[in-house]
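Good morning, colleagues. I would like to take you through two sites in the structure now coming up on the screen.

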Amino acid sequence: PNYHHQHQSGSTPWRNPLRSQGLSTRRELYERDFPVYKQPVEVGCFSLDSERRFFNDSRQMRYYVEPDRNPNFDLKDGYKDRFVKRDDGEKEKLDNILRWIVANRSKLDSRETTASSRALDVDFVTWRGHLTKLLTTPYETRDSWLLAVTRFRGTLYISEVETEAARRDRENRTERNAEMMYWGYKFEQYTCADDIHSLPDPSGVVNTNEAFCTVVQTRLADHRLLFSGEVDCRDKDPAAPAPPACYVELKTSAEICTPKQRSNLHRWMMTPGMLFVEYLMYLHSDVLKLIFLIVLVLRFKLLKWWAQSFLPGVPRIVAGFRDHEGVVVSVETFHISKISHLIKNEYNCWKPTVCMNFCSDFLSFVKHVATEDNPSVVYLFSWEPHRDVTFSIHRDSQYSFLPHWFIQEMTS
Ligand code: 0WD
Ligand code: CA
């Protein structure tokens, strides 16, 4: 009904005159048919080595080795003595994607090119992680975001700017939090091998400079997208389907209470049993309320997992559940297509269609606002929970993010 109403009035949420300066993030505005999202196609990949150097190849690809279902991986191992941490105060912006574009321009050159028109055959260039943030925005209640946009030769480049709150969190990270961030990378080391014939080597060094990134092209409604995302590993069977269908996303998550409760919660996540939990709330039991809260947190986590892998077309997530001591005690595989299918039956749950329609309308809003084609102009889009998306315009400011080497390369 919302969809028809919006069509009859000829307005999308940002054309509503009451909101002429902003874009609403209210969920009910985006509950219409699922927009067209074309099967993402991998157009290339790149690697970042142990010193964060860029290579236009797949040398950092790793191969998934299925672990035991109850493996007892100690994620704390090596944190003190075998850990090289990337400097996350160093902002790379879109640089690595731009390096990939420069190295692969012939693959991307516009068929309609005339000297002055667009240089690339896409509307948007960004990181997958930025799109994930957009997808989850209608359900986000805590973290705000800032996205810088520059229109250059017809293409819109979107690069995140760290918010004050995120910077404070990063600089004041507790020792415990810093160690927990290591656990995710350690889990990757327990489950990934360097080639199809070898086994994972947990005695090695964990170096978070290293990355393998896929570059995919797709279309969301009438927005042609080119984005890159870090991929953890691939199926090691050479007969597995072509990328991105052979990729596997690895996650770790806290295990919930006792193993028995955990398996119950898993079942609730995956069945209409959610409704049952909500019904139980009325029994006014504190224990049940606690369980309900945990389910709510898991629901939102599952939304983030879904959005991140759905975007590049990664079909499988392997999750390691750890106890409070950082030991992975169980491993489960989630299939992306099943996640979106099963949550359809859940009352009061997040909806993939709301996420995708919001993202699509945000990109339309950006196209409408960011009109001046100029690499030194930044349109800064800003959002805080329970507010509309707003923007400000900055010329030759600290926000400019397209490097000179890229501008030069693309103008010649
Ligand atoms: O400097 C920055 N502010 C950013 C850097 C913001 C966003 C991305 N990046 C860089 C990362 O260093 C990495 O090379 O982009 C690449 C990843 O991009 P993405 O795939 O678009 O990012 P996202 O989907 O948010 O994260 C994918 C994985 C994460 O896996 P989990 O399972 O934890 O979601 O990339 C890793 C992480 O393993 N990752 C990062 N690694 C180092 N520094 C970072 C980061 N800032 N963000 C994500
Ligand atoms: Ca991961």
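Let me begin at the ligand: an oxygen atom of ligand 1 sits 2.7 Å from a polar backbone atom of Glu230. Please bear in mind throughout that this is a predicted model.

An N or O atom in the side chain of Arg52 is 2.6 Å from an oxygen atom of ligand 1. For Arg128, the corresponding distance from a side-chain N or O atom to a ligand oxygen is 2.7 Å. On its own, ligand 1 has 760 Å² of accessible area, and the protein covers 75% of this. Helix H4 (128–136), strand S12 (223–230) and strand S14 (247–254) are the elements that each contribute two or more residues to the shell around the ligand.

In total, 16 residues surround ligand 1, with Arg52, Arg128, Gly129, Glu230 and Lys251 the closest. Sorted by class, this shell comprises seven charged, five polar and four nonpolar residues.

I turn now to a further arginine, Arg82, which is located in the loop between strand S4 (73–74) and strand S5 (83–84). Is Arg82 buried or exposed? Its relative accessibility is 17%, and therefore Arg82 counts as buried, the cut-off being under 20%.

Definitions and conventions. Residues are numbered from 1 along each chain as its sequence is written. Chains are lettered from A and ligands numbered from 1 in the order in which they are written. This is a predicted model: local features need pLDDT of at least 70, side-chain atom pairs count only at pLDDT 80 or more; totals for chains, interfaces and linings use all residues. Side-chain values use heavy atoms; hydrogens and water are left out. A residue is near a molecule or strand if one of its heavy atoms lies within 4 Å of it. A polar contact is a pair of N or O atoms within 3.5 Å; within protein, one must be able to donate a hydrogen and the other to accept it, and residues adjacent in sequence count only if both atoms are side-chain atoms. Accessible areas come from the Shrake-Rupley method with a 1.4 Å probe; for residues, only the protein chains shown count as cover. Helices (H or I, at least four residues) and strands (E, at least two) are DSSP runs, numbered from the N terminus. Ala, Val, Leu, Ile, Met, Phe, Trp, Tyr, Cys and Pro count as nonpolar, Asp, Glu, Lys and Arg as charged, and the others, Gly among them, as polar. Buried means under 20% relative accessible area, exposed over 50%, partly exposed in between (1.4 Å probe, protein chains only).
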